[in-house]
Structure formats: C-alpha cells, structure tokens
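Subject: Structure handover and findings

Hello,

Here is the structure for your set. Please load it first, then read the notes below.

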Amino acid sequence: MHVRLVLSLVVLALPVAVTAYEYEVYVGGPDSGLDLVYRDGEFVGGWPGGVLWTREFIPFEGCCNEIDFIPLPHADTEVIAAAESRLTEFGDIYIVMEARSLEAVHDPGAVAWVVSAEPDVRPEDILSMAQFLRAKAGFVREGWLGFVSDRGLALTGWGALFVQIDEGTLTGAEYQPYDYSAQTQLREWGVIGPDEEYSDHPEANGVAEWTTVEGIAPLVEGTFTLGYAVRFE
C-alpha cells in the first residue's frame, strides 16, 4: 500500500508537456485583401480579409502561444477589434505596427485567398500579389462581359480563378468551374451570399483567365497559388 502511494505521487509530480508556438497574424479586413497566419516563421494559411475572424476560426494548437498581432494599413477597425478579442483565447498578444506600404482596394466584389504556398513565402509577397489581382477586378469584369456572344445566358454572380506564382513570376490563371472547391469555399465563408449566383460560361472563362494575368505584376518572390474571386455585375 505504501509503495503504491509513492508511485502515485511520482506520477503526479511529472511535468505536463506544453506545446507553444510563436505566431504572426496579419489582419486588415476587406480593403487590405488577406488575413495571414504564420507559425514559427512559416506560412500557415491566408483567407479573404475579415473572413477568418467573422467565421471564428483559427488553426492554433497547444497553449501559451506568443502572438505578434499586425494590423495592416487601412485596417478595418471593427475587424481588428474582433480579431484581437479572438486572439486573446490563444496566447499573449503583442501588437506590432506594420510599416510597409499596402495600397487599399475598395472593392467588395473582389477577394483573394491562399490556396497553397511554400513555407518560406514572405507575407509581403502574398499581400502585394493579392492586392494587384483585386485592383484588376474592373478589367476582368469588362473582359468577361464584353466577350460573351450569347447575351441570353445569365452572367451575373461570382466567378473564381486559381492564380499561379512560380518563383516570383505570375505564370497563369485557371478558371474554377461551378462544382469545384473554390465555389464551395466562397459559399462557406459567406463571400457568396445565399441569393447570389456562381458564373460558369465556356466562352468567358478563358477571357477571365487572360485578363487576370495581363499586365505588369508586382515584383515578388516565392512560389504560391492564390484564389481570386470576382463578382461580375
């Protein structure tokens, strides 16, 4: 009996393993394009601005994390407040003011997110490319609507493309058909509302791909794929 008691005390005295991470969380809301999360210096994920926090989702594990909370330029104050409140559940927050320039894009009908990225891709490269794409939404809309010959088809609603950046070069865009994952994600995030359509037109899809990659893209580094969605009016 005495031996059992001693063993029990030894077990209780053993330290409990704790997993902690250092995070960088970039938040800006819709006008700043993307919300980004890095863990221990490596890319974790990126979502349309504001979606991450309104959906109350963040892929943190363990406890006792240290979180550098980085409000992006032109940050939406309500989104920032919601993000800060949410992050307090996951660790100690240290607010870091972002010094780099990031142009605001006031277009609720243009969003971007990260489909995939190598771990070492820098946040500034992802953000710059996302804002470049979002700023082109008017050009993409014009091309989509202007090329279609069958005006009887409904072309209102959203459309989405996956845009590839290989070693810093924008190499191509691929339109995502109606039943692909892009449409599902956009609906789950609430980007596409319950009363909105998803467009998929064989003639216009190729034009959307071409207009997306047309022009001089910003100078970036790394290999990553962005999702890019535009609401065609």
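Which residue in strand 3 is the bridge partner of Val-37? The partner is Gly-45.

First, the ground rules. This is a predicted model, in which local features need pLDDT of at least 70 and side-chain atom pairs count only at pLDDT 80 or more, while totals for chains, interfaces and linings use all residues. Residues are numbered from 1 along each chain as its sequence is written, and side-chain values use heavy atoms, with hydrogens and water left out.

Overall picture

The protein chain has seven helices and nine strands. Both are DSSP runs, numbered from the N terminus: helices are H or I with at least four residues, strands are E with at least two. The chain has 233 residues, and 47% of them count as buried. Buried means under 20% relative accessible area, exposed over 50%, and partly exposed in between (1.4 Å probe, protein chains only). Take the contacts between residues at least 6 apart in sequence: 75% of them join residues at least 24 apart. A contact is heavy atoms within 4.5 Å.

Five strands make an open sheet with mixed pairing, in the order 3-2-1-4-5. Strands pair if DSSP finds at least two bridges between them. Strand 3 (42–48) and strand 5 (91–95) are the edges, each pairing on one side only. On average, neighbouring strands of this sheet are turned by 20° against each other, direction ignored.

Strand 1 (residues 22–27) and strand 2 (residues 34–39) run antiparallel, joined by four bridges. Within that pair, Tyr-38 of strand 2 sits opposite Glu-24. Strand 2 also pairs with strand 3, again antiparallel. Here there are six bridges. Strand 3 is mostly covered, with five of its seven residues buried.

Helix 4 (residues 123–135) lies across strands 1, 2 and 3. The helix runs at about 165° to strand 2. Axes here are lines fitted to C-alpha atoms, for helices over the stretch in contact, and angles run from 0 to 180 degrees between N-to-C directions.

Two positive phi values

Strand 2 and strand 3 form a hairpin with two residues between them. Asp-40 lies in that turn. Its phi is positive, about 50°, although Asp-40 is not a glycine. Asp-40 is partly exposed, at 47% relative accessible area.

Glu-167 is another such residue: phi is near 50°, and positive, in a residue other than glycine. Glu-167 is in the loop between strand 7 (157–166) and strand 8 (169–175). This residue is exposed, with a relative accessible area of 71%.

A helix pair

Helix 5 (residues 137–147) packs on helix 7 (residues 202–213) at an angle of about 150°, with the axes 8 Å apart. The two are therefore roughly antiparallel. The cut-offs: under 35 degrees is roughly parallel, over 145 roughly antiparallel, 65 to 115 roughly perpendicular, and the rest oblique. The crossing is right-handed, meaning the near helix is turned clockwise from the far one by less than a right angle.

Helix 5 brings Phe-139, Val-140, Gly-143, Trp-144 and Phe-147 to the contact. Among their partners in helix 7 are Val-207, Ala-208 and Trp-210. By class, this contact has eight nonpolar, four polar and one charged residues. Nonpolar covers Ala, Val, Leu, Ile, Met, Phe, Trp, Tyr, Cys and Pro; charged covers Asp, Glu, Lys and Arg; the others, Gly among them, are polar.

Best regards
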